[in-house]
Amino acid sequence: MPTLPTDNLLLECFPPLPDHVALPRDAADDYLIASADPAAAKVIINDRFGALACAFPSATLWSDSFSARRSWDHNLTLNQLPPAAGRTLTSLTETAAGTQQVLLRMPKALDQLCHWLDRISNAAPEAEILLAGMAKHIPVSWLKRLQQNSAGYQQLRIERKARLMRLRGWQAAPRPAWRSYGSGDGLHLSALPGVFSGEKEDAASRLLLDLVVLPQSGRLIDLGCGNGLLALTAASRAPALTVIACDDSAAAVESAEYNARQNDLTLTVRQSDCLSEVAETADIILCNPPFHDGHRQLTDIAARMFTEAAQHLNQDGCLAVVANRHLPYLPLLRQHFREVKTVSSHPKFSVYVCRRPE
Ligand SMILES: C[S@@+](CC[C@H](N)C(=O)[O-])C[C@H]1O[C@@H](n2cnc3c(N)ncnc32)[C@H](O)[C@@H]1O
């Protein structure tokens, strides 16, 4: 592999991760960097920690993830490169015309990938798109879809277990494919591609909703709200509650806002890394935490959510968490809450109700 523009850069995962999962740059990033045209006007899509952003410091940076933006800022600053502000996009904003090349890190869901390709191809139909990911994360059916839906498609050889594809002329759908379902409480819920559980109500979230006792007034925060299922159900059951929902994903925020409108409910929604953008305290926080970041399985985001939830609760407030039983959350919760009760005997999920420290 030739010397890459990232070889001399300092890259860190931000917020920091333990060594065994911390990988701010991988072989798929290197493959994209080595294959890109340095002179082309670029859009970089889904750069998780900023390896690509630092390699091409004038590129436009596109991500739906708030924590990815925090990572770019951290690593650009670390390397004394220009800040990302003023050249960032999400899948919801318009892409500048004139893009010649797109570098795209493959997401976890095919509908999200197609949605991003639709958006970028509608804005920059002439652009060449380079897609990369680790080979084990890219099913053959996805490759067939890319080939069938493009005017020009080239699959390059696998390098250091990473795959790279070059694509031109993606046949874009004109509108995003919203997915919808009816919730157990009779709400009509929709979700943009890539948003958690967009096609049906998550069974763990339903269990939490069946068990939680909501205050009838005061403030509730839905931490990691997805399409807003927990927040909107609370708002419909307890209309005097003030409800705030937050999520890392711009597409989730857009979906939750859309669902508040379509169900005629009042909800404040913020894009936030855990509670970074929520200054308010709450009487109750509901949380079905993520246990993945991209393809990595980890408890670090949940651990940060619990730490920040403890700091955002009013004196008698409680955090209600639902999670797969096998996840080791009990010791994490006990670090921050004087009382942690397990209130479900469900075979698959645990529901914890936690009271804050003295
Ligand atoms: C298991 S889903 C739960 C979604 C929704 N509450 C539900 O019950 O259907 C976890 C959510 O956490 C969000 N998330 C992941 N990392 C986050 C972070 N650092 N800060 C805030 N939200 C995050 C994900 O985007 C996802 O929507």
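Which residue forms a salt bridge with arginine 237? I found aspartate 185, with the closest N and O atoms 2.8 Å apart. By salt bridge I mean a side-chain nitrogen of Lys or Arg within 4 Å of a carboxyl oxygen of Asp or Glu.

Before going on, I noted that this is a predicted model, where local features need pLDDT of at least 70, side-chain atom pairs count only at pLDDT 80 or more, and totals for chains, interfaces and linings use all residues. Residues are numbered from 1 along each chain as its sequence is written, and side-chain values use heavy atoms, leaving out hydrogens and water.

Back to the pair: arginine 237 sits in helix α7 and aspartate 185 in the loop between β8 and β9 (188-191), 52 residues apart. I took helices (H or I, at least four residues) and strands (E, at least two) as DSSP runs, numbered from the N terminus. Shared partners join Asp185, Glu201, Arg206, Asp210 and Arg237 into one network of salt bridges.

Next I looked up aspartate 29, which pairs with arginine 105 at 2.9 Å between the closest N and O atoms. Aspartate 29 is in helix α1 and arginine 105 in strand β4, so the bridge ties together parts 76 residues apart in sequence. Aspartate 29 is buried at 5% relative accessibility (buried is under 20% relative accessible area, exposed over 50%, partly exposed in between; 1.4 Å probe, protein chains only).
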